[in-house]
Amino acid sequence: MFDEDIEELAGLVQRARRAVVFTGAGISTESGIPDFRSPGGFWTRYKPIGFGEFLASEDTRLEAWRRFLVIRQTIGDAKPSAGHIAVSRLYDMGHVSHVITQNIDGLHAEAGVPAERIIEIHGNGTFAKCLSCGLRHEIAWVSDTIERTARPPACTSCGGIVKSATISFGQAMPEQEMADARAATLNADLFISIGSSLQVFPAAGFPVLAKQNRTPLVIINREETGLDGLADLVMNAEIGPVMSALLARIESA
Ligand code: NAD
């Protein structure tokens, strides 16, 4: 079954010139970054802090930053997984046009996909931004400020609230990235979802949009997703072995 599915997937990818790869936290678990919903995932330990709560109280902002810095430590030590590397190779071979990612860990770029081909719809956790003037602040500066003052950081330029450059629950989605992701999806000749539970909307709307546009849809995820019924090919398997076998199959063709 595995071999037959790899054969089918390889055929789809080899024919594709504008495939969109859509990734979730599952592609980074093999890099040592826990996902949200699996046992041991962040959500089993911390209830997420929504954007409204973050804005409403300085104490909540301090708690949100403390949690973020723990996550950041894990992300900072992580290296791209076999999945990230395979996606980057498929881009190099001319099969993939864009990577749309829900991840904030920067590992697609580290694996070699050019930044202008990566659409980060939930932002980027490798830096912070002032919510008022947009000035960039480094995470190391945030960490030092919290250690020195035991208070959440304020913008060095305008005094505004500084937040990681990620999208929290309740925060508006980034307009440019959403428009770019929509355009890439509508232009795609294949849409592959890798390592996403496809439960978080509007992100999970992209595979639906691809299908509505009659684009073949592949879902690769350890557990079933709510959108499996829409897909042309579903592989409930580990990402590393699937993507490594796919790459080997295409490279030997
Ligand atoms: P999710 O946690 O809801 O789903 C991840 C899915 O990946 C799960 O269904 C799980 O079964 C599957 N999975 C995990 N490891 C796998 C593996 N090795 N092989 C195959 N499948 C595997 O994550 P999501 O769908 O991305 O959505 C939740 C939100 O979490 C997103 O907004 C994302 O921004 C955020 N998040 C990001 C990171 C990161 O940047 N690395 C980490 C945790 C959460």
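A polar contact here is a pair of N or O atoms within 3.5 Å. The model under discussion is predicted, and the remarks below should be read accordingly.

1. A backbone N or O atom of Gln-102 lies 2.2 Å from an oxygen atom of the ligand, which falls within the 3.5 Å limit for a polar contact. The backbone of Ala-25 also takes part, with a polar atom 2.7 Å from a ligand oxygen. From His-122 it is the side chain that contributes, one of its polar atoms lying 2.5 Å from an oxygen of the ligand. The protein covers 97% of the 860 Å² of accessible area that the ligand has on its own.

2. The shell around the ligand. Which residues come nearest to the ligand? Of the 28 residues around it, they are Ala-25, Arg-37, Gln-102, His-122 and Ser-197. By class, the shell consists of 9 nonpolar, 12 polar and 7 charged residues.

3. The parallel sheet. Strands of a sheet pair through backbone hydrogen bonds, either parallel or antiparallel. Here 6 strands make up an open sheet with parallel pairing, in the order 3-2-1-7-8-9. The edges are taken by strand 3 (118-120) and strand 9 (233-235); each has a single partner strand, so one side of each is left without a neighbour in the sheet. On average, neighbouring strands of this sheet are turned by 15° against each other, direction ignored.

4. Pairing and packing in the parallel sheet. Strand 2 (residues 96-101) runs parallel to strand 3 and is joined to it by 3 bridges; Val-99 stands opposite Ile-118 of strand 3. Helix 9 (residues 205-212) packs on this sheet and touches strand 1 (19-23), strand 7 (190-194) and strand 8 (217-220), its direction making about 155° with that of strand 7. Helix 10 (residues 239-251) also packs on the sheet, in contact with strand 7, strand 8 and strand 9, and its direction makes about 130° with that of strand 8.

5. Strand 4 (residues 123-130) and strand 6 pair over 4 bridges in the antiparallel sense, and Lys-129 stands opposite Lys-163 in strand 6.

6. Backbone details to inspect. Most residues other than glycine have a negative phi, and most peptide bonds are trans. Against this background, Phe-201 and Pro-202 are joined by a cis peptide bond with omega of about 10°; Pro-202 belongs to the loop between strand 7 and helix 9. Ala-150, a residue other than glycine, has a positive phi near 55° and sits in the loop between helix 7 and strand 6.

How values were computed: Residues are numbered from 1 along each chain as its sequence is written. This is a predicted model: local features need pLDDT of at least 70, side-chain atom pairs count only at pLDDT 80 or more; totals for chains, interfaces and linings use all residues. Side-chain values use heavy atoms; hydrogens and water are left out. A residue is near a molecule or strand if one of its heavy atoms lies within 4 Å of it. A polar contact is a pair of N or O atoms within 3.5 Å; within protein, one must be able to donate a hydrogen and the other to accept it, and residues adjacent in sequence count only if both atoms are side-chain atoms. Accessible areas come from the Shrake-Rupley method with a 1.4 Å probe; for residues, only the protein chains shown count as cover. Ala, Val, Leu, Ile, Met, Phe, Trp, Tyr, Cys and Pro count as nonpolar, Asp, Glu, Lys and Arg as charged, and the others, Gly among them, as polar. Two strands pair if DSSP finds at least two bridges between them. Helices (H or I, at least four residues) and strands (E, at least two) are DSSP runs, numbered from the N terminus. Axes are lines fitted to C-alpha atoms, for helices over the stretch in contact, and angles run from 0 to 180 degrees between N-to-C directions. Contact means heavy atoms within 4.5 Å.
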